[in-house]
Amino acid sequence: MDEGGAKAICAEEALDLLNCVTQSPFDEDKCRRLLHSLRDCVLAKKVKKFSLAGQEQEETKPLSKKA
C-alpha cells in the first residue's frame with residue numbers, strides 16, 4: 001500500500017485467496033474460484049509483480065561484502 005492509505009491493486013482478491021488456503025476444512029473449489037478471481041484482477045490491472053511492504057527497497061540495496 002502507498003503512504004496515502006490507498007489499497008494495493010488486487011489486495012482484496014489476494015487476501016481472500018490467502019485466507020481461503022488457511023481454512024480448515026480446506027475448500028479447494030472455493031479457493032480455485034478465488035484464484036481465478038485474483039488472476040482476472042491482475043490481468044485487468046496489468047500487474048507484473050507483487051511485493052511485500054519493505055521488500056522492494058531491500059531487493060534494490062546492494063549486498064554488502066564481508067572483508
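**Notebook: the disulfides**

I began with a torsion: about the S-S bond of Cys10 and Cys41 it is about -95°, so this disulfide is left-handed. As a reminder to myself, a disulfide is a covalent bond between the sulfur atoms of two cysteines. Here I count a pair of cysteine sulfur atoms within 2.5 Å as a disulfide.

I noted that this is a predicted model, where local features need pLDDT of at least 70, side-chain atom pairs count only at pLDDT 80 or more, and totals for chains, interfaces and linings use all residues. Residues are numbered from 1 along each chain as its sequence is written, and side-chain values use heavy atoms, with hydrogens and water left out.

**Entry: Cys10 and Cys41**

I found their sulfur atoms 1.9 Å apart. Cys10 sits in the segment before helix H1 (11-22) and Cys41 in helix H2 (residues 28-45), so the bond ties together parts 31 residues apart in sequence. Helices (H or I, at least four residues) are DSSP runs, numbered from the N terminus.

Are these two buried or exposed? Cys10 is buried at 5% relative accessible area, and Cys41 is buried at 11%. Buried means under 20% relative accessible area and exposed over 50%, with partly exposed in between (1.4 Å probe, protein chains only).

**Entry: Cys20 and Cys31**

Cys20 and Cys31 also form a disulfide, with sulfur atoms 1.9 Å apart. I looked up its torsion, about -100°, so it is left-handed. The bond links Cys20 in helix H1 to Cys31 in helix H2, 11 residues apart. Cys20 is buried at 2% relative accessibility, and Cys31 is buried at 6%.

**Entry: the whole structure**

How many disulfides does a search of the whole structure find? I got 2. With the bonded cysteines numbered in sequence order, I wrote down the pairing as 1-4, 2-3.

Methods
Helix = DSSP H or I, 4+ residues; strand = E, 2+ residues; numbered from the N terminus.
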